[in-house]
Amino acid sequence: MSQGPGSRLLAKIHHRVSLVLTEDAPLAEELLARKKLSQELLGRLSDRVLLVRPGRVNAVVDELRRMGQTPRVLGSKDCRDDRASR
Amino acid sequence: MTAHPDNGWAERLDKTLDSYDVVALRTIAERLCSISIRLPAETLRQQIATALRNAPLIDRRLRELAPAAQRLLQMLAQYGRCDWDLASLTILVGVLGAGIDVLQTLADLGFLMPVNEPEGRRRHSIPLISVTEDLNDYSYFVPPSVLNRARLVPPSYPRAEVQTIECEPAEILESDGWEIPLRLAAAWQMLLDPSFRFKFDRNPRSKAVQRAKTDPILNGPFVAAAGEPLEMGFLIFDWAKASGLIIRGPDHWLAGPWPLDWRLDLPHLLASLWRALPKLWIWSPEPSAGLPRSGTMLGFRWAYPLILSILADLAPKSWVKIDDLARWSVGRFTDNFYPVSKGNWIENMVWSVLFPLRIVQAARYDDEWIIRLSALGRWLAGDGPSPTFATTVPKPILVQPNYDVLVLRDGLTPSLLAEISSIGEWQSLGSACVMRLTEQSVYRGLELGREGEQVLQFLSRHSARELPDNVVASIRSWSRKRDRILVYSDATVVEFLSASDTDEALRRGLIDVKLSDHFGLIRDENRLDYRQIRLLARRNFDQPPEPCLTVAEDGLEIRVDLSRSDLMLEVDLHQIAELIEIKGVGKRFRLTRQSLQRALANGWTHSRLDSWFRERSGFSLSAAGTLLALPDGAISLQVRNLWVVSVNDPWLAAGLIQWPNTRHLIQEQLSPTTFTIAAKDLPLFQQALAEIGQQVEIDRPEVDT
C-alpha cells in the first residue's frame, strides 16, 4: 500500500484501547481458558493480543494477579498503579 | 523553628477578605487600622490586606491584646500551624481562663479568619457552638504574618504552675525518632495489598479495625523502652491519613505518593508529622476499650500546642513529672467542653506521641516518670537550633541469602525508608529492622515505576556487602516475568491497510509495537508523527459499535466501511468470513460455508450471528448466509413432476379451483392466476374442460426426470 519510502501511510487510529499483550500465543490461550478472565475480554486481535472490554482493565489486572501472574500495567487509566509512585 | 511557613495562607487571606461583607470589613478596618471613615468595600479590603502585612502595626495590636489572647497566638505560633477548628481554640482560651470573647476580639482585628463558610453567606463573627456540633463546620486560621510577629511579643501570661524537678538522672531515655516513621511506612505498605481494604469505620468486627488492634508491627514495642503507648495501630493509620501518606480511594483508603517531607532529613520529617497531629480523627489519648474513637468533640487536637508550650516554658535542664502535669490538667476544663477529666490522657500522649517522636526525653525519678523537651522539642518550640541526627552507618542495608534484609536504623534517612518500603515487606521493627524481599513485594516495587536493575542498584548502593547471587538472580527473574504479560490501559492502536505498511511504520518508528499484520501500538499518542500518516478515520475504543458493513446482493460478500469500523469488527470478521481483498480504503470479506461452520464450531450461534449482522449492517444475516450456516442434513427438498396452469384472470383460476370437476385435480395455487396439477391428472383436467366447451393449450417443455 505504501507508495514509496517517504510516502504517507494510510491509517486509521483507535484511541483509548485496552489490551493485553502476551509473550507468546500459548500464554494468550492460557489466559483465554480462564473463565473469569475471558468474561472481561472482547476477543483476540492476534495470537498474542487480547482486547479488553472498555472499563474492565482493573478487573483484568486483578484476575491476572489472582492467577499468580505479575503483569506490567502501562497507561494512565489505572489509578492504583499511579497513586503510590514517587 | 524560625519564620512560620506560608503554605498558601497569604492567598487564602485575600480570598477570605473577598468573602467579608462591608460591615465586617469596617469593623476590622476600625480595630486594626483605626480607619473610622466609611470607605468602599474594595478599598477596605486593600487597606486590611496591607495592614496584615505591616509588621510594626501588627506588633502594636498584639501588644494591646489581653494576655490570654497574646498567649493563645503564641501557642499557635509555637506549634507552627495556622489553621485550627473552633472547638480547639475555644478549649485553649478556656484553659487560659478566658472566654470566647477573646476569639471575637481576634476576629474583629482580622487576626482570626474563617477557613470555610458552611452556609455560604458572608460573615465574620465567631459562632457559639455546643459540644455536639460538627467541628469541621467551623475552622479558622491565623494569618502567618500575625503568627510570625506573635512569637516575638514578650510573654505576659503567667506560666503553667507545674512543679519542676532539677536533677541529673543516671539514665536519660530518648527515642531515635524512627518509631513513628517506620510504622507509617509499614502501614503504607499494608495498603499496597489490594485485598486489604481499609476504611475508617467504627465497626469493631471490621478487618481494618482488627488489623489495627493486633498487627504486631504497628503495635510492637519501641526500642527505647519507656511507658506504654496507647492503641498504636489506630494512631498510625490515623496519622498516615493526617499526614497525607494514605489517600482516599473510591471506597477505601489507598497508599498514596510519598509526601515531599519524606525527602527531607529526619528532624524536618518529624516536625511535619508533629504538625499533622491536629488532623487526627479516630485516635484519642483517652483509653477507648479497644474501639477507635469516633470523631468526638475534641480529639485532643488542642492538647498538642498546650503541652508544647508548657514544656517549652521550663528551663532547658528542668524536668517535670508526668503525674504533675496530669494533676495540673484536672479541673482546667469545664464540663461544657470536656466531660471527663482524669488527666491520664497526658501520659498516653507522652508515650504514644511525644516520646516516640523524639520531642521529649524521659527518665525515672523517685519511681515516677519525668520528662523534658529534647533538642528536637526545643527546636520545634522555637527555642534552639535545628538538631542534626547524623547517620553513623553509611550503608545500613544487609541483604541475606534467605531474602531477608537487615536495615540498621542508624543509617536510615526518610527517603531511604520510603524507597525500601516500596520493594520489601516489613517483618519486624527492632533496633535492626528486618524486611523480606518476595516476588510480590518486588513486583509491587516494579509496578511503582522501578525497573529490576534499578532495584538491584539501589540495594547495592546502600548495602554493606555484595548482594547474594541468588537474590540478584531472583530479582532479575521476577522482573523478566513481569514482561510476559503487558496490560495497556489506554493505548493508541493504528490500523494499516497492508502488512507491508505496518512493517514500514515499525521501521520508521511510527509505532512502538507490531500487534499483527495490520495493527501497531503507540505507547504515547503525543509521539505520533501525523505528517507520515494519511488519516482515514479515528475512533475511540469505548464508543459503541455502529453499522459499518454493507452486504452485496448475493448475500455473502461484505464490504467494510473503514471510516466507521471499530477494532472488534476486525476480530469478529476474521472469525466468520474470509478476507477477499483490501483495495484502496475498502476491505471485502466473503461468507463461505467453511467460515460460517468454523464460527459455529467456535462458539458463535445462529442467533448471535443474526444479531451481529443487525448491529453491523442494519439487517439480519442474509438468506444465503443463513443457508450456508445450516448444519449438514438440516433441510429436506422435494422435486415433483407438475404442470403449471396459467389463466388470464384471477376469477377464472378461482372458478377452476371451486368447480368440483377440477378442484380435486389442482395441487397448489401459486398465484392468483397460476396453479399446479400433477402430470398424471392432465388428461382428466383436459377432459373436464372439454365437457364445458373449453380447450387447454399445452406448452410442452423438455422435462428431464
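Is A:Glu29 buried, partly exposed or exposed?

The model is predicted, so local features require pLDDT of at least 70 and side-chain atom pairs count only at pLDDT 80 or more, whereas totals for chains, interfaces and linings use all residues. Residues are numbered from 1 along each chain as its sequence is written, chains are lettered from A and ligands numbered from 1 in the order in which they are written, and side-chain values use heavy atoms, with hydrogens and water left out.

My topic is salt bridges. Side chains of opposite charge can pair when their charged atoms come close. The term here denotes a side-chain nitrogen of Lys or Arg within 4 Å of a carboxyl oxygen of Asp or Glu. Over all chains, the count by this rule is 51 salt bridges.

Let me begin with chain A. A:Glu29 pairs with A:Arg44 in a salt bridge whose closest N and O atoms are 2.7 Å apart. This pair links distant parts of the chain, 15 residues apart: A:Glu29 belongs to helix α1 (residues 25-33) and A:Arg44 to strand β2 (residues 41-44). Helices (H or I, at least four residues) and strands (E, at least two) are DSSP runs, numbered from the N terminus. As for the opening question, A:Glu29 counts as partly exposed because its relative accessibility is 42%. The cut-offs are under 20% relative accessible area for buried, over 50% for exposed, and partly exposed in between, with a 1.4 Å probe and protein chains only. A:Arg44, at 24%, is likewise partly exposed.

Strand β2(A) has a partner. It runs antiparallel to strand β3 (residues 49-52) of chain A, and three bridges join the two; strands pair if DSSP finds at least two bridges between them. Together they form a hairpin with four residues between them. Within this pairing, A:Arg44 has A:Leu50 as its bridge partner.

I turn to chain B, which contains 28 helices and 24 strands. In its 705 residues, 52% count as buried. The radius of gyration, taken over C-alpha atoms, is 42 Å, while a compact globule of 705 residues would have one near 27 Å, by the rule of 2.2 Å times the number of residues to the power 0.38. Along the principal axes, the C-alpha atoms fill a box of roughly 145 × 75 × 55 Å.

Two salt bridges in chain B deserve mention. B:Lys321 and B:Glu368 meet at 3.2 Å, N to O. The former lies in strand β7 (residues 319-321) and the latter in strand β9 (residues 368-373), so the pair ties together parts 47 residues apart in sequence. B:Lys321 is buried at 15% relative accessibility, whereas B:Glu368, at 21%, is partly exposed.

The next pair is B:Glu425 with B:Arg444, at 3.3 Å, N to O. Strand β12 (residues 425-429) holds B:Glu425 and helix α18 (residues 439-447) holds B:Arg444, so parts 19 residues apart in sequence are tied together. B:Glu425 is partly exposed, with 23% relative accessible area, while B:Arg444 is buried at 17%.

Helix α18(B) is itself mostly covered, with seven of its nine residues buried; among them are B:Tyr443, B:Arg444 and B:Leu446. After the helix comes B:Gly449, with a positive phi near 110 degrees.

Finally, a network of salt bridges links B:Asp554, B:Glu557, B:Arg559, B:Arg588 and B:Arg590.
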